[in-house]
Amino acid sequence: MKALAISGSLRAQSTNTTLLNAVKLIASPHVDVVLYNELETIPPFNPDLDLEPGPNSVSRLRAALRDSSAVLFSTPEYAHGVPGALKNALDWIVGSGELSGKPVALFNASVRGAYAQASLREILKTMDAQVLADAEITIPLLGKSFDASQIFADPEFVTLILSSIQRIVSSVSKS
């Protein structure tokens, strides 16, 4: 199974990206977690340009979504919402439908990200994604300078992540 992991943060030292890198380490050999790292290349959404094939970076995002069995999101919260770069990328795929019916899990690197999680959940449901509430997890990394290997070394974090991955795999198997 291939899972596309998308961080909503553009920061080089993002805890959300670090969390997704840890998920790559923790996932079983049967789950290929691919980190999407082109969020900053997506141009501002313009319906006039939303034609096939569209901008190259948008075409690559759409292809990555089509090639995945599930999608994992981890995003910071800005002003009680989803960061603009992530929302912009999602706007590009509303009409093309790559998330329609696709299992999606929301990961959170901070207990203070509830508004962004709720906003992202609503956006994804509107896009007809299969948002897996039982696979949603929060790993409290805010204020910690963990790298992926330190998350991987924490048994509590590993248990949470493995549980989420198992729920995602189970959902994909049922599809």
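Predicted model: local features only at pLDDT ≥ 70, side-chain atom pairs only at ≥ 80, totals over all residues.
**Exercise 1. Determine how the aromatic pairs of the structure are arranged, and where their rings lie.**

Solution. A search of the whole structure finds two aromatic pairs. Phe45 and Trp92 make up one of them, with 5.1 Å from centre to centre and 85° between the planes, an edge-to-face arrangement. This pair links distant parts of the chain, since Phe45 is in the loop between β2 (32–36) and α2 (56–66) while Trp92 belongs to helix α3, 47 residues apart. Turning to accessibility, Phe45 has a relative accessible area of 30% and is therefore partly exposed, whereas Trp92, with a relative accessible area of 1%, is buried. The rings of Phe146 and Phe157 also pair, with centres 6.2 Å apart and planes at 55°, so this pair is tilted. Because Phe146 lies in the loop between β6 (137–138) and α5 (148–152) and Phe157 in helix α6 (residues 155–174), the pair ties together parts that are 11 residues apart in sequence. Phe146 has 29% relative accessibility and counts as partly exposed, while Phe157, at 5%, counts as buried.

**Exercise 2. Classify the packing of α3 against α4 and name residues that meet.**

Solution. The axes of α3 and helix α4 (residues 114–126) are 11 Å apart, and the helices pack at an angle of about 5°. Angles under 35 degrees count as roughly parallel, and α3 and α4 are therefore roughly parallel to each other. Where they meet, α3 contributes Leu86, Lys87 and Leu90, and α4 contributes Leu120, Ile123 and Leu124.

**Exercise 3. For three of the salt bridges, work out which parts of the chain are tied together, and identify a network.**

Solution. Seven salt bridges are found in a search of the whole structure. One of them joins Glu38 and Arg60, whose closest N and O atoms are 2.7 Å apart. Since Glu38 lies in the loop between β2 and α2 and Arg60 in helix α2, parts that are 22 residues apart in sequence are tied together; Arg60 itself is partly exposed, at a relative accessible area of 41%.

The salt bridge between Glu52 and Arg62 has its closest N and O atoms 3.2 Å apart. Glu52 is in the loop between β2 and α2 and Arg62 in helix α2, so the pair ties together parts that are 10 residues apart in sequence. Glu52 counts as exposed, at 63% relative accessibility, but Arg62 counts as buried, at 2%.

In the salt bridge of Arg121 with Glu136, the closest N and O atoms are 2.7 Å apart. Because Arg121 lies in helix α4 and Glu136 in the loop between β5 (130–131) and β6, this pair ties together parts that are 15 residues apart in sequence. Arg121, at 23% relative accessibility, counts as partly exposed, and Glu136 is partly exposed as well, with a relative accessible area of 26%.

Terms used. Residues numbered from 1 in each chain as written. Heavy atoms only, no water. Phe/Tyr/Trp six-rings, centres within 6.5 Å; stacked < 30°, edge-to-face > 60°. Helix = DSSP H or I, 4+ residues; strand = E, 2+ residues; numbered from the N terminus. Buried < 20%, exposed > 50% of the residue type's maximum accessible area, 1.4 Å probe, protein only. Axes fitted to C-alpha atoms, helices over the stretch in contact; angles between N-to-C directions. Parallel < 35°, antiparallel > 145°, perpendicular 65-115°, else oblique. Contact = heavy atoms within 4.5 Å. Salt bridge = Lys/Arg side-chain N within 4 Å of Asp/Glu carboxyl O.
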